[in-house]
Amino acid sequence: MKRLLIVEDDPGLQSQMRWCFSDQIEVSVAADRDSALTALRRMEPQVITLDLGLPPDAGGASEGFALLEEILRLAPMTKVIVVTGREDKENAVKAIGMGASDFYQKPLDADILTFVVNRAFRLAELEQENRELIGQTNGASIKGIVSASPEMMEICRTIEKVAPTDVTTLITGETGTGKELLARALHDLSHRTDQPFAAINCAAIPENLLESELFGFEKGSFTGATQAKKGKIESANGGTLFLDEIGDMPMALQAKLLRFLQERVVDRVGSVKPVPVDVRVVCATHRNVQELITQGEFREDLYYRISEITLDVPALRERDGDALVIAQSLLKSLGKQLDRPNLSFSEDAVQAITSYAWPGNVREMINKVKRAIIMADGKRVSAGDLQLSTGEGESVNQLNLRQVREQAEKQAILQALHCTSFNMSQASRLLGVTRPTLYNLTDKYRIETSAESPAS
């Protein structure tokens, strides 16, 4: 619903302006600065028409300009259309300079007013769409990553900063959290994007074969070596080498890898001639490397070589709100692949997704959602289709709107008090409420209003 606030002290003009707009626009009116600010906070209009001549300065413009300044401070995205007299162009120009989006001159012409207001609504709509697109690319610009949580957004921002450099990067996190996707993102966003991306899982290859897979070998260097072969490191020359599960690399091979990282040359098995290689190295592991060092299973000097930058990827259960966002995305993409494109989650499925701990992280979710798409009867995927329990008690609390709103109010009040060193007047202005209202809220939530309080 489009929301319009008309700020006009003349009751007759209020009525005329109200009736210019259709039922598709929710219209509210205010006659002075205080009532206008109250309506602004209550209805959050996209567009405001503002008569500069408001009481107590109905014959001037000081009150209107003061209100315009407060509107732009409290709701900077709101489109303000200043209403002036026909001979009052100077104030109109001043208002535009302060940040008003447009102006309209009296006397009232319904067609022109409607046109100006609709144009402002369209501008607000376009800006909102642009902000949403920018918000989506804040993590979605990394291919394969779907997220809305601050934790993953921070990881994505770090990826974007680190990618253009050649620093060796270590990605840690539980199995199934998307470490390889992030490694590929480091490659795709770098100047090496047109060069090879070579990946090897250090835990999946037997110890006696891992050295030749990594470093290559010369003809005749061992039984069966009928011809020379490049290793993964050489094949990634100019590009990126991804060493997955490096925490499982044998100690003997760690020393050879350390030499390569220091010298940037490869010694093939059975060769005496080092081969120079230009490659960016990204490593990943689900294991705690510090514990491995303490247990003598990982070289400390190698750890410092591979962790010039470390990215610790949070588990899905630690990413606030991401479980449902990712599940919805998987339902859409996998539904198309399996020729069931119009499925949606039932209420019990939503509750189950948000309350389940997801020990297998995104990899487990992919399996659960794919099964559910196949097994679902009709257009709704249930918790039973996902093979998840609903976890009703926890998820109902999470979805209780009153509790969510109260928690958000309490956090905002505490933040405002900290920002203003517990000055109630400044905090109330920062929050956009009156001092009595702020005192009522601090009493309601039992928030002490001094810096020494335990709540602070």
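**Close-up views of a predicted model**

**View 1. Strands E7 and E8 side by side.** E7 and strand E8 (residues 240-244) run parallel and are joined by five bridges; strands are DSSP runs (E, at least two residues), numbered from the N terminus. Look for Ile200, whose bridge partner in E8 is Leu243. This is a predicted model, where local features need pLDDT of at least 70, side-chain atom pairs count only at pLDDT 80 or more, and totals for chains, interfaces and linings use all residues. Residues are numbered from 1 along each chain as its sequence is written, and side-chain values use heavy atoms, leaving out hydrogens and water.

**View 2. The open sheet around E7 and E8.** Five strands form this open sheet with parallel pairing, in the order E7-E8-E11-E6-E12; strands pair if DSSP finds at least two bridges between them. At the edges are strand E7 (197-201) and strand E12 (309-312), each pairing on one side only.

**View 3. Strand E4 under cover.** All six of the six residues in strand E4 (residues 79-84) are buried, meaning under 20% relative accessible area (1.4 Å probe, protein chains only). Lys79, Ile81 and Val83 point one way from E4, while Val80, Val82 and Thr84 point the other way. In a regular strand, side chains alternate between the two faces of the sheet. E4 also pairs with strand E3 (residues 47-51) in the parallel sense over five bridges, and here Thr49 stands opposite Ile81.

**View 4. Leu338 in its loop.** You will find Leu338 in the loop between helix H13 (322-337) and strand E13 (344-345); helices are DSSP runs (H or I) of at least four residues. Leu338 counts as partly exposed because its relative accessibility is 36%, between the cut-offs of 20% for buried and 50% for exposed.
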